[in-house]
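Here is a friendly note to read alongside the model. Please keep the structure open and look up each residue as it comes up.

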Amino acid sequence: AASSDYPLRDVYKRQELIRGGMTVDEANASLAAIVKGAEATGTGFSQMGVVVSASLQSFGLEATEASRVVDVLVQGANASASSVEGMGNAFKYAAPVAKILGVSIEDLGAAVGLFANAGISAEEAGTTLRNGLSKLAAAAPPASGSMAELSGQSAQAAKAMNLLGVNVYNADGTLKPMNETLILLKGAFDQLDPASKINLASNLFGGEDDGTKWLALLNQSEE
């Protein structure tokens with residue numbers, strides 16, 4: 001009798017996902033992964049379902065990739081000071097710009113975990129990543145290669161990147177893999193004295209607050 005309960009439980013869980021906004025096909029494709037993720041992290045099924053569904057939408061992923069999203073959430077929650085809910089909040093803020101820059105959900109998840117380990121809340125991590133990635137996008141050299149075309153914050157960020165002497169961009173304007181980007185930036189900032197480091201980080205990432213948070217992230221990056 002006990003074994004016959006499992007299909008019924010699956011029906012209830014599937015209905016819960018559909019009530020949360022998934023289509024029937026999406027619920028069917030993601031159910032097993034969401035159950036696995038909830039069990040692996042001690043997160044409630046409903047909460048896991050909400051976070052997975054939102055993360056899939058933010059990164060433009062199909063429901064068939066739910067297991068990929070769950071793997072990132074589980075790893076982030078279990079290997080850092082963050083939680084599944086925290087990871088979801090961070091993704092909500094940072095995922096749209098990360099997607100544009102070609103940053104994978106795995107790379108973004110790892111960055112959120114590093115921020116959490118530095119004592120920065122998930123929501124702060126999300127907004128800091130969103131702002132910082134936007135500034136890095138603004139600092140990308142224009143197609144013509146003329147810095148004169150840039151103005152305002154873009155010019156300030158581009159000047160800071162130029163002073164650092166590193167190139168973190170692919171030919172199409174997307175960022176290099178996150179780990180490579182962080183290592184390149186860390187290596188450049190490590191050459192500076194403390195005052196110059198803070199000043200340049202502020203110029204690159206749009207203010208002293210975000211700049212110091214990004215420095216905390218870079219300090220945890222390893223080759």
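**Salt bridges and helix packing**

1. Let us begin with a charged pair: Arg68 and Glu65 join their side chains in a salt bridge, at 2.9 Å from N to O. The term salt bridge is used for a side-chain nitrogen of Lys or Arg within 4 Å of a carboxyl oxygen of Asp or Glu. Arg68 is partly exposed, at a relative accessible area of 28%, and Glu65 is partly exposed at 28% as well. Here buried stands for under 20% relative accessible area, exposed for over 50%, and partly exposed for what lies in between (1.4 Å probe, protein chains only).

2. A word on the source: this is a predicted model, in which local features need pLDDT of at least 70 and side-chain atom pairs count only at pLDDT 80 or more, while totals for chains, interfaces and linings use all residues. Residues are numbered from 1 along each chain as its sequence is written, and side-chain values use heavy atoms, with hydrogens and water left out.

3. How many salt bridges does the structure hold? There are 5 salt bridges. One of them links Asp190 with Lys186, at 3.0 Å from N to O; Asp190 is partly exposed, with 38% relative accessibility.

4. Another salt bridge brings together the side chains of Lys213 and Asp209, at 3.3 Å from N to O. Both residues sit in helix α11 (residues 208-219), 4 residues apart, or about one turn of the helix. Helices are DSSP runs (H or I, at least four residues), and strands are too (E, at least two), numbered from the N terminus. Is Lys213 buried or exposed? Lys213 counts as buried, at 12% relative accessibility.

5. Now to the packing of helices. Two packed helices are described by the angle between their axes and the distance between the axes. Helix α5 (residues 84-100) packs on helix α6 (residues 105-117) at about 130°, and their axes are 10 Å apart. Axes are lines fitted to C-alpha atoms, for helices over the stretch in contact, and angles run from 0 to 180 degrees between N-to-C directions. The two helices, α5 and α6, are therefore oblique to each other: angles under 35 degrees count as roughly parallel, over 145 as roughly antiparallel, 65 to 115 as roughly perpendicular and the rest as oblique.

6. Which residues of α5 and α6 meet? From α5 come Met87, Ala90, Phe91, Ala94, Ala95 and Ala98, and from α6 come Ile105, Leu108, Gly109 and Val112. Contact means heavy atoms within 4.5 Å. The residues of this contact between α5 and α6 comprise 9 nonpolar, 1 polar and no charged. In that grouping Ala, Val, Leu, Ile, Met, Phe, Trp, Tyr, Cys and Pro are nonpolar, Asp, Glu, Lys and Arg are charged, and the others, Gly among them, are polar.

7. On the α6 side the contact is made by Leu108, Ala111, Val112 and Phe115, and on the α7 side by Ala125, Thr128, Leu129 and Leu133. These residues divide into 7 nonpolar, 1 polar and no charged.

8. Finally, please look at Ala95, which belongs to helix α5. Ala95 counts as buried, at 0% relative accessibility. Leaving out residues up to four places away in sequence, Ala95 touches Ser58, Phe59 and Leu108. The C-alpha atoms of Ala95 and Arg130 are separated by 7.6 Å, although these residues are 35 residues apart along the chain.
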